[in-house]
Amino acid sequence: MNSIFRPVILGLAFITTAAISNDKAEFDGPYVITPASSSQSTAYWVCNNKLKSTAVIEQQVKRPKSCGQLPQATTSAEIKQVMPDTYSGIKKVVALSDVHGQFDVLITLLTNQKIIDDEGNWAFGNGHMVMTGDIFDRGHQVNEVLWFMYKLDQQARDAGGMVHLLMGNHEQMVLGGDLRYVHKRYDVAAKLLNRPYDKLYGADTEIGQWLRSKNTIIKINDVLYMHGGISSEWISRNLTLARANKLYRQHVDASKQSRKADDELNFLFFGNGPTWYRGYFSEEFTETELDTILNHFDVKRIVVGHTSQERILGLFNNKVIAVDTSIKKGQSGELLLLENKQLTRGLYNGSRENL
């Protein structure tokens, strides 16, 4: 069945994206904001291109009447806590990247691979899901993806698993006020709420607080995950995962100018830093250099997004695995499964192949 017309249950909401226009908002939201001067959270909605609001009562985000089928949610303080960046003894992991607002493709892929069930709920048990960044920008269903991942974050923990939403360069761009790639659909919400797009996910918002708690680099078992890649420059700088993740969280709201003015932040947020690096795909990069990086972190492989491929791609005998499978095109995508020391491509049609 064509995924565009395929209904999906999202939290309390029955979502179908067939009615969503690519060019204007029509229906958008919620944007849950808690002003500094108040403990009362308010959810803002775009309903037929008009602004409506509902109070968040007992953590329930409920949409107003006649407001389409926008996601409803239960807010959670637990999933906004900073979590460890290192895990061991995890039996199964699924990784994917660069969704860029393509909600339909994401749901179809996860459903066909049985990571979620037919109602859009977590079905991966005690497994860990790693999204290696770039939910933001380009596509017109960014907010739908964010609230969906927010719900999965809660459900995975309840099942003994975990969702790791890593920060990519586009998360860092948007939260830092670089809005060059934002879909024009979101102009409506920004205008009606009288907030720049980045402030729709500001530190006083539910999704913004959740995003600001997340790591940028994590280690699960003997695998390192991040958006772009780890360059050799990391080693010379004597950085640790803990320090890097802390600096990312502390400066995610900083402007591009202030990040570039600081040598360490300039490395982390740009160029050879973990959210922008593409060196593994260069002819000049060698396996010897890679082995030095792997030995430094005591891992066997690195999983990255950022550099688009047509499929899950293994490099250097699968020591580097690229999981950006061009979901951003809105047509298909793949995911990587790591279980019982096996590396498997999860294809869009639900089939699986060894990597």
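Colleague: Which classes of residue make up the lining of the second largest cavity?

Modeller: That lining has five nonpolar, two polar and three charged residues. Ala, Val, Leu, Ile, Met, Phe, Trp, Tyr, Cys and Pro count as nonpolar, Asp, Glu, Lys and Arg as charged, and the others, Gly among them, as polar. Before we go on: this is a predicted model, in which local features need pLDDT of at least 70 and side-chain atom pairs count only at pLDDT 80 or more, while totals for chains, interfaces and linings use all residues. Residues are numbered from 1 along each chain as its sequence is written, and side-chain values use heavy atoms, leaving out hydrogens and water.

Colleague: What makes a space a cavity, and what makes it a pocket?

Modeller: Both are searched for on a 1 Å grid over the protein atoms alone. In a cavity, a 1.4 Å probe fits at the points but cannot get out, whereas a pocket is an open set of points with protein on both sides within 12 Å along at least five of seven lines. Lining residues have an atom within 4 Å of a point. The volume is the space filled by probe spheres set on the points, which are joined across faces, edges and corners.

Colleague: Which residues are closest to the centre of the largest pocket?

Modeller: The largest pocket contains about 320 Å³ of space. Of its 17 lining residues, Asn 221, Asp 222, Val 223, Leu 338 and Lys 341 are the closest to the centre. The lining divides into seven nonpolar, three polar and seven charged residues.

Colleague: Why is Asp 178 called buried rather than partly exposed?

Modeller: Buried means under 20% relative accessible area, exposed means over 50%, and partly exposed is in between (1.4 Å probe, protein chains only). Asp 178 has 18% relative accessibility, so it counts as buried. You will find Asp 178 in the loop between α3 (169-175) and α4 (187-192).

Colleague: How do you know that the side chains of Asp 178 and Arg 180 make a polar contact?

Modeller: A polar contact is a pair of N or O atoms within 3.5 Å; within protein, one must be able to donate a hydrogen and the other to accept it, and residues adjacent in sequence count only if both atoms are side-chain atoms. The side chains of Asp 178 and Arg 180 are joined at 2.8 Å, so the distance is within the limit.

Colleague: Is Asp 253 buried, exposed or partly exposed, and why?

Modeller: Its relative accessible area is 40%, so Asp 253 is partly exposed. Asp 253 sits in the loop between α7 and α8 (256-261). A polar contact of 2.5 Å links its side chain with that of Arg 212.

Colleague: What makes a nonpolar core, and which residues touch the most other members of the largest one?

Modeller: A nonpolar core is a set of buried Ala, Val, Leu, Ile, Met, Phe, Trp, Tyr and Cys residues joined through side-chain atoms within 4.5 Å. The largest has 60 residues, and Leu 110, Met 129 and Tyr 201 touch the most other members. Helix α2 (residues 142-158) brings the largest share, nine residues. Apart from this core lies another, of 27 residues, among them Trp 234 and Tyr 277.

Colleague: Why is helix α1 described as largely enclosed?

Modeller: Nine of the ten residues of α1 (residues 103-112) are buried, so the rest of the structure largely encloses this helix. Among the buried ones are Phe 103, Asp 104 and Leu 110.

Colleague: What about Asp 134 and Asp 137: where are they, and buried or exposed?

Modeller: Asp 134 is in the loop between β10 (128-131) and α2, and Asp 137 is in the loop between β10 and α2. Asp 134 is buried at 2% relative accessibility, and Asp 137 is buried at 1%.

Methods:
Helix = DSSP H or I, 4+ residues; strand = E, 2+ residues; numbered from the N terminus.
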